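Please walk me through this two-chain model one feature at a time. I would like the general idea first and then the case at hand.

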Amino acid sequence: MIELDVTTDRGIAVVVPRGRLNMVAARQLRQVLADIITGGTSRIVVDLAETTFLDSSGLGALIGGLKSARQAGGDLRIARPTPEVMTVFTLTNMDKVLRPRDDVGSAFDV
Amino acid sequence: MHDDHIGAPAEQRRQRAVDSLHDALHGDNDRLDRITRLARSVFGVAATSVTVLDHDRAWFPSESGLGIAEMPRSQTLCDTAQAGDETLVVEDARADPRFRHLAPVADGSLVFYAGRPLHDHLGNVVGTFCLFDGAARTLDAEQRRTFDDLAAWAEQELVASSEMGQARQVQTSLFPSQPLESGPWSVDGMCLPALAVGGDCYDFGLGGGVLHVGVGDVMGKGTSAALLGAGARAAIRATHGAVTAGADLGVIATQVARSLTPDLERSESFLTVFEAAVDLEDGWTRWVDAGSGLAAQVSADGTITYLTGDDRPFGVLPDDHWTEHTTTLEPGDRLVVISDGVLDLVEDQALVWEDLAVATRAAATPADLLAEVRRWAEVRPPLDDVTVLAVFRAADTGPDVEDSA
């Protein structure tokens, strides 16, 4: 089972999925991201440092969150993916849309 | 008295319903086994079963404590329960003139019986959910309710497994039914869904000397992915004429993506695609990669050339574009396209193409390669749909290069 920690600081929500982001966990992540955006925060960083596995459903949840965040005038950025998780982004050429950031705190600086 | 004996129209209809369950119920039935096991422990009876009456035999897609796979239909109480289409509780079969002559009753092994008919989604009785014991028993009102609940659960599982079994057959029938052979070229593919149906699809076809192949993977797995996959396959197949006539694959992919994106966005999904058009005359190959990243050309000496572009999957950004790339499949070259489920089958995902290249070079035909990947899937049951498509071009062995008489 995945743990999804959410903290909000100065208008930026940080989501930390801990564990495997598979089909079941992706549904949870989708819901968490939707709740954050409907709650009025549209700038989101997903910290992937502790995400050990990401399949296409997990990627779908991130893309869904990215679209909703942009529609709400914000953005979704990812930070610190492990090399394994990074392969999923590069394989699907999603690394240009979801460009990984090295650091959570500065993910929205540029 | 009832007229539901073998050969009557109602029995024929019932038998047809049973026939359609067959494929779904042969093999492991874990979900039914859970229910028969639970019922045996809840009621403390010697045995429980889901019984299917099939022509003149009764067989047990799931049983707990019976230890047999089938018995003659004429020796069962289930036959009576199914014909009456209502719950039958026999507290002491030895004292019941309808049953005391049956072999299991006469030999003392079956005394108590409770059976509730199970219906398919059209209302046909296709089986019974049964309790058996070697001593006389009763079921009080509360136990009757529990028995009904467990039977209703078994019924749901039975219907679900038959519907999914049929869905799987339909999906399988959408894939090319046989390998394609043309001169030195041979093409074959396979798809092993992780669940009954899946979101992977592949297709190949020939038109005007041009081979058109494609592999698609809808996000996720299971029924929702399969529905979107069927739509995507139809959209791509509709471009077959244009692709084999020489239309730019990037333009075609962009058009297909435009038509699929609203569906994909509504269902919050996306689709990766690899598509290629190979001129069988000279091996000139045009290809497009929509976020698949899992295609490679393996040459005769084992060199791997990755056919991966920079374009994204369908359904991610509404105004995306796709670009055609080119390569040449020389004599002896092999084109292999996989879905990401294959990554689950190897020890080290980063080395998947090393493993695949070895398997590809060792294979005499595309079918050999598919069989090898199927073996991998048996060793490590996949968590995701597994698809492989292979195009082999034989090395030149024409009469012009043979120098021996």
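Contacts, folds and sheets

Q: In chain A, what share of the contacts between residues at least 6 apart in sequence join residues at least 24 apart?
A: Two residues are in contact if their C-beta atoms, placed from the backbone, lie within 7 Å. Among such contacts in chain A between residues at least 6 apart, 68% join residues at least 24 apart in sequence.

Q: Before going on, what should I know about the model and its numbering?
A: This is a predicted model, where local features need pLDDT of at least 70, side-chain atom pairs count only at pLDDT 80 or more, and totals for chains, interfaces and linings use all residues. Residues are numbered from 1 along each chain as its sequence is written, while chains are lettered from A and ligands numbered from 1 in the order in which they are written.

Q: How many helices and strands does chain A have, and in what order do they run?
A: Helices (H or I, at least four residues) and strands (E, at least two) are DSSP runs, numbered from the N terminus. Chain A has 3 helices and 5 strands, and from the N terminus on they run β-β-α-β-β-α-β-α.

Q: Why is chain A called as compact as a globular protein of that length?
A: The radius of gyration is taken over C-alpha atoms, and the globule rule is 2.2 Å times the number of residues to the power 0.38. For 110 residues the rule gives 13 Å, and chain A comes close to that with 12 Å, so it is as compact as a globular protein of that length. Along the principal axes, the C-alpha atoms of chain A fill a box of roughly 30 × 30 × 20 Å.

Q: Does Thr7(A) count as buried or exposed?
A: A residue is buried if 20 or more other C-beta atoms lie within 10 Å of its own, exposed if 12 or fewer, and partly exposed in between; the C-beta atoms are placed from the backbone. Thr7(A) has 12 C-beta neighbours inside 10 Å and therefore counts as exposed. Thr7(A) belongs to strand S1 (residues 3-9) of chain A. Of the 110 residues of chain A, 46% count as buried.

Q: How many residues does each chain bring to the contact between them?
A: Chain A brings 13 residues and chain B brings 19 residues. On the side of chain A that touches chain B, helix H2 (56-71) and helix H3 (83-91) of chain A each supply at least two residues. H2(A) gives the most, with 5 residues. For the make-up, Ala, Val, Leu, Ile, Met, Phe, Trp, Tyr, Cys and Pro count as nonpolar, Asp, Glu, Lys and Arg as charged, and the others, Gly among them, as polar. By that scheme this side of chain A divides into 5 nonpolar, 7 polar and 1 charged.

Q: Which domains does chain B have?
A: Domain bounds come from an automatic or database domain assignment. For chain B the assignment gives domain 1 (9-169) and domain 2 (175-393), with C-alpha centres 45 Å apart.

Q: In what order do the strands of the open sheet that includes S1 of chain B lie?
A: Strands of a sheet pair through backbone hydrogen bonds, either parallel or antiparallel. Two strands count as paired if DSSP finds at least two bridges between them. This open sheet of 6 strands has the order S3-S2-S1-S6-S5-S4 (chain B), with antiparallel pairing. Strand S3 (70-72) and strand S4 (88-90) of chain B are its edge strands, each pairing on one side only.

Q: Which strands does helix H2 of chain B touch?
A: Axes are lines fitted to C-alpha atoms, for helices over the stretch in contact, and angles run from 0 to 180 degrees between N-to-C directions. Helix H2 (residues 30-43) of chain B packs on the sheet and touches strand S1 (47-54), strand S2 (57-64) and strand S6 (125-133) of chain B, making about 75° with the direction of S2(B). Helix H5 (residues 141-174) of chain B also packs on the sheet, touching S1, S5 and S6 of chain B, at about 40° to S5(B).

Q: Why is strand S11 of chain B described as largely enclosed?
A: In strand S11 (residues 271-279) of chain B, 8 of the 9 residues are buried, so the strand is largely enclosed by the rest of the structure. Strand S10 (residues 210-218) of chain B pairs with S11(B) in the antiparallel sense over 9 bridges, and Val215(B) stands opposite Phe274(B) there. S11(B) also pairs with strand S12 (residues 284-290) of chain B, antiparallel over 5 bridges. In the hairpin of S11(B) and S12(B), with 4 residues between the strands, Gly283(B) takes a positive phi near 80°.
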